[in-house]
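Here is a short report on one protein chain. Keep the sequence and the 3D view open while reading.

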Amino acid sequence: MEAQRRDWLFGAGATPTEKLLAHGTAALGTLALAVANRHAGWAWWQWLLAISLVWDLVGGVVANGLDTAKSFYHSPLPADTPKLIRFVHHPVGFTGLHIQPVLAGLLFPGGSWWWGTLWYGWALAGAIAVEAAPERLQRPIALATVVAGAMVSPLPPGPDGLNWLPVVLLLKLVLAHGVPEGKGDPHRAMVP
């Protein structure tokens, strides 16, 4: 049997239906963005950036939640894997690369450097906490990080039209990506 090709978006072996679900969710998010911000007065490049943010983050929640992606990102790499690939493959490194909230805070009306830094730091702290936690606490810590972020996100003023970004960022990076599949299964711990 031929080994399946590794895929940085979906992992190895994602079905066409799984891929369609991720892209379809991203498309729905893009439509919601367009309808909600049709009078925002954004420049063409802000629209392009906003659509890119939606496609990556909204579609990424579904893609990162696939068993195939979790298996890809939470499996060991060959010993000769370059350091950069190891960094990107690691849940905390992967999260660290997601500077989208900082860009949104700086490049959209109503945003600020500190708003973007707050949500970037929140996601990174959540990823670190999940990675450092005992197996059975990884999912609850991820959920706590996301739900606390959902409750706090309306409080600080952020970029106009991007109020969804903190929660979706946390869902994608801390919960969908950060928690390996099967973590915390009480039945696994009882198997000798």
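## The salt bridge

Lys172 and Asp56 form a salt bridge, with their closest N and O atoms 2.8 Å apart. The model is predicted. It holds one salt bridge. The pair links distant parts of the chain: Lys172 sits in helix H9 and Asp56 in helix H2, 116 residues apart. Side chains of opposite charge can pair when their charged atoms come close.

Are the two partners buried or exposed? Lys172 counts as buried, at 3% relative accessibility. Asp56 is partly exposed, with a relative accessible area of 29%. The cut-off for buried is under 20%, so Asp56 does not count as buried.

## Leu57, next to the bridge in sequence

Leu57 is also found in helix H2. Its relative accessible area is 0%, so Leu57 is buried. Which residues does Leu57 contact, leaving aside its neighbours within four places in sequence? They are His98, Gln100, Trp164, Leu165, Val168, Leu169 and Lys172.

Val168 deserves a look in the 3D view. The C-alpha atoms of Leu57 and Val168 are separated by 6.4 Å. Along the chain, Leu57 and Val168 are 111 residues apart.

## Two nonpolar cores

The largest nonpolar core has 27 residues. Those with the most contacts inside this core are Leu53, Ala104, Phe108, Leu162 and Leu165. Five elements are listed as giving two or more residues to this core: H2, helix H3 (67–73), H7, helix H8 (138–152) and helix H9 (165–177). A second, separate core has seven residues, including Phe10, Val62, Leu66 and Ala69.

Take Phe108 from the largest core. Leaving aside neighbours within four places in sequence, Phe108 is in contact with Trp42, Gln46, Leu49, Ala50, Leu53, Pro159 and Leu162. Among these contacts, Leu53 and Leu162 are also listed with the most contacts inside the core.

## Gln46, a buried polar residue

Gln46 is placed in helix H2. Gln46 is buried, because its relative accessible area is 9% and the cut-off is under 20%. What does the side chain of Gln46 reach at 2.8 Å? It reaches the backbone oxygen of Leu107. A polar atom of the Gln46 side chain also lies 2.8 Å from the backbone nitrogen of Ala43.

Not counting residues up to four places away in sequence, Gln46 touches Leu107, Phe108 and Pro109.

## Asn37 in a loop

Asn37 lies in the loop between helix H1 (16–36) and H2. At 8% relative accessibility, Asn37 counts as buried. Leaving aside neighbours within four places in sequence, Asn37 is in contact with Trp42, Trp47 and Gly161.

## The nonpolar surface patch

Trp44, Trp45, Leu48, Ile99, Leu103, Leu106, Leu107, Trp113, Trp114 and Leu118 form a nonpolar patch on the surface. Together they have about 1100 Å² of accessible area. Helix H2 (44–65), helix H6 (100–107) and helix H7 (113–132) each supply at least two residues of the patch.

Leu118 is one of the patch residues and is found in helix H7. Leu118 is partly exposed, with a relative accessible area of 30%. Leu107 belongs to the patch, and the backbone oxygen of Leu107 is reached by the side chain of Gln46.

Key: Residues numbered from 1 in each chain as written. Predicted model: local features only at pLDDT ≥ 70, side-chain atom pairs only at ≥ 80, totals over all residues. Heavy atoms only, no water. Patch = residues over 30% accessible without salt bridge, like charges linked within 9 Å, V, L, I, M, F, W, Y side chains within 5 Å. Areas by Shrake-Rupley, 256 points an atom, 1.4 Å probe, with all protein chains shown as cover. Salt bridge = Lys/Arg side-chain N within 4 Å of Asp/Glu carboxyl O. Helix = DSSP H or I, 4+ residues; strand = E, 2+ residues; numbered from the N terminus. Buried < 20%, exposed > 50% of the residue type's maximum accessible area, 1.4 Å probe, protein only. Core = buried A, V, L, I, M, F, W, Y, C linked by side-chain atoms within 4.5 Å. Contact = heavy atoms within 4.5 Å. Polar contact = N/O pair within 3.5 Å; in protein donor to acceptor, adjacent residues only side chain to side chain.
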